[in-house]
Amino acid sequence: MMNDYLYCLLTCVLSKGDNLNWSSLCFVAGFWYIHYMNLPCFMALLLKTLPIVLLSAFPFPVKPYQNPENFKPLVLALGKMPLGDNLGDKSDSRYCGVETEFNDDMPHVLSYNVNGGFDFVVAPLMEPGYRPSLIDNGSRDSSSTVLPFAGSDLVLSPSQWSSHVVGKISSWIDLDSEDDILREDSEIALKQELAWASHLSLQACLLPTPKGISCGNYARCVNQILQNLNNMQLWLRIPLERSDDDDAVIGASDGMAVELTDSWELWNSFRVLCEHHSQLSVALDVLSSLPSANSVGRWFGEPVKAAIIHTDTFLTNARGYPCLSKRHQNLLSRFFYYSIQIVLSGKPVHKLPGGNSVAGGDHTDNYAQQAQRHDLRSYLDYVGYLYQKMDPLPEQERFELGYRDFLQSPLQPLMDNLEAQTYETFEKDSVKYIQYQRAVSKALVDRISDEHASTTTVVLMVVGAGRGPLVRASLQAAEETGRKLKVYAVEKNPNAVVTLHSLVKLEGWENVVTIISSDMRCWDAPEKADILVSELLGSFGDNELSPECLDGAERFLKPDGISIPSSYTSFIQPVTTSKLYNDVKLHKDLLHFETAYVVKLHRLARLSPSQSVFTFTHPNHSPNRSNQRYKKLRFEMPNDTGSTIVHGFAGYFDAILYKDVHLGIEPSTATPNMFSWFPIFFPLRSPVYVKAGSPLEFHIWRCCGNTKVWYEWCVTSPTSSPIHNSNGRSYWVGL
């Protein structure tokens, strides 16, 4: 039994070929011999495995394309030949592809382009002259019919197919043609090519541009395929153009003309027909002319996976080398930022100094020579140059990378106790506590004049003290201003109170800080406070019940006392974010579409400037105060944006801590380098299409009950949506 076991183990070790692990072999053999001291059995085992040893040491010669070692182990997400190094960027945008012509010698195509510096190829899978109707009727359905694909699946290893090849579906396909034969041929060919791509386990396939905005049959066939597709992505090729001329004709790179004024409309029509399927994405054709910045901005909320840059888009610099216009350079920088991969396409149109614009000579395995010979190497070098000159990601953004577009349910601060890890994350936000310290310092100076600083003690209460960062910031402010302070630290979480006691003892604050283990709404303070400090703000300002908590705590405050924060306002704006919409849709229920999520927004398009929603002021001395709110907002889209689709609304807040000291996450006034709060996202059950020039009307309510607070929201123009989260049926914050 042991003999058989070791034979199997030795076989596995030796079958690694070039990666033979001789130390593993010696270990296994030595282990068996030492522990069992049976030389005859050991020799029998060695003789049994000798043929495997010989085969491993002297493998039979194979054709170059059959040996995976002839190709560098590059993959779309884990490549070895990126455009360059950029601190913090580990996204797919580091890897560049190239669009190729049909060639049935796929090993040569891949070897030439990978050794030429590219990471993957976008290659046709089917011979372009193939038409199903040209095959004899008697043989069309015969099992002997061999389709003219670009080589057998055996010419490349499975990892090479999946990592280095994006399939390109035949550009002649027109599923909405009035010609019945062409339409039927197109449907058959599309299904055959995608079936072959799925068989090869390709990560993606490039679909040809629809021939017009009326693309119902094309979308129907693609949608049918999507229902049973594996994990492969389908990239719909869309030209990046928009014209104000009603008679404009958009030219796709495959030579077909598409008559419409806005290519985004073409994409939107197609994806709506395909039910916003998450495996349907976009490959943008970037041409020499670009639409307005607002029009281009819409696409960053769409599932754009690749940008195809054509060689005739490049200009010529003073030295005769290809370069791009400033607008194109800025666009590529945004593609890199949003993890959109660049694909170069076309023939070289620049005659470079020294005549090295065209590859020549026989193929060799020498990478350095191939890099110089590739026709498009100068274009690739320029794209790499643009990538490398990007500013590295700031430390804050590198910290937030893992949170990008990740939906999180908001905290329930009164119902749940935070965990130590959550406290630790928030406590690392030094910017926030610097702002609080500044606010307390200003309040102390205003409260006590210099001449009374040594004789008057200020009573300061930290309500919701957590593990003590606000206590520390307040004491540092007192030391900075030379004021005497008496601090009450009120905290309801008994676990955090344990840490507070340890902190007070460690820092020697026993004579200054009194710890109260209680809910601030239930505690009876022994004296009134001069300053009330709290850190109860949520991503939407009031969404973690700061108004309710501070209303209950204001009874501690002297009539002329100071609250920090003194006020806060929520803001909201419409956004396109296909990624978040599809993530919510995956749950297939109403509850998730009626939940407001905290999320680090990344792949989105902000369609209109944010507008203020609800404002709360503290202390609130109004006799009939109510924390219920309602707001109706009207958003106007910039005229040059074009039509858009709204997947939901992004919410922010801005808070005035004291006088001119503020903190917030509203994009136009956001506090730099602060990460304690991500925006909040209010999804829509059905995306709302907003035609160019049309306003968008949005309604939002803040509702209060005896045991909970919740939001309701809806759209009433240009179309009406259902009222989301009626009566707080799906999402609420418990009191």
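Mentor: Residues are numbered from 1 along each chain as its sequence is written. In this predicted model, local features need pLDDT of at least 70 and side-chain atom pairs count only at pLDDT 80 or more, while totals for chains, interfaces and linings use all residues, and side-chain values use heavy atoms, leaving out hydrogens and water.

Trainee: How many charged residues does the contact of H16 with H17 have?

Mentor: Contact means heavy atoms within 4.5 Å, and the residues involved include Tyr-433 and Leu-444 of H16 and Leu-470 and Glu-480 of H17. Ala, Val, Leu, Ile, Met, Phe, Trp, Tyr, Cys and Pro count as nonpolar, Asp, Glu, Lys and Arg as charged, and the others, Gly among them, as polar. By these classes the contact has 10 nonpolar and 5 polar residues, and the number of charged residues is 1.

Trainee: Is Thr-671 buried or exposed?

Mentor: Thr-671 lies in the loop between strand S24 (661–664) and strand S25 (680–690). Beyond its neighbours within four places in sequence, Thr-671 contacts Val-431, His-662, Leu-663 and Gly-664. Buried means under 20% relative accessible area, exposed over 50%, partly exposed in between (1.4 Å probe, protein chains only). Because its relative accessibility is 10%, Thr-671 counts as buried.

Trainee: In which strand is Cys-714 found?

Mentor: Cys-714 has 5% relative accessibility and so counts as buried. Not counting residues up to four places away in sequence, Cys-714 touches several residues, among them Phe-698 and Trp-701. The strand that holds Cys-714, spanning residues 708–717, is S27.

Trainee: Which residue in S28 is the bridge partner of Val-709?

Mentor: An open sheet of 4 strands runs in the order S22-S26-S27-S28, with antiparallel pairing. Two strands pair if DSSP finds at least two bridges between them, and S27 and S28 pair over 2 bridges. In S28, Val-709 has as its bridge partner Val-733.
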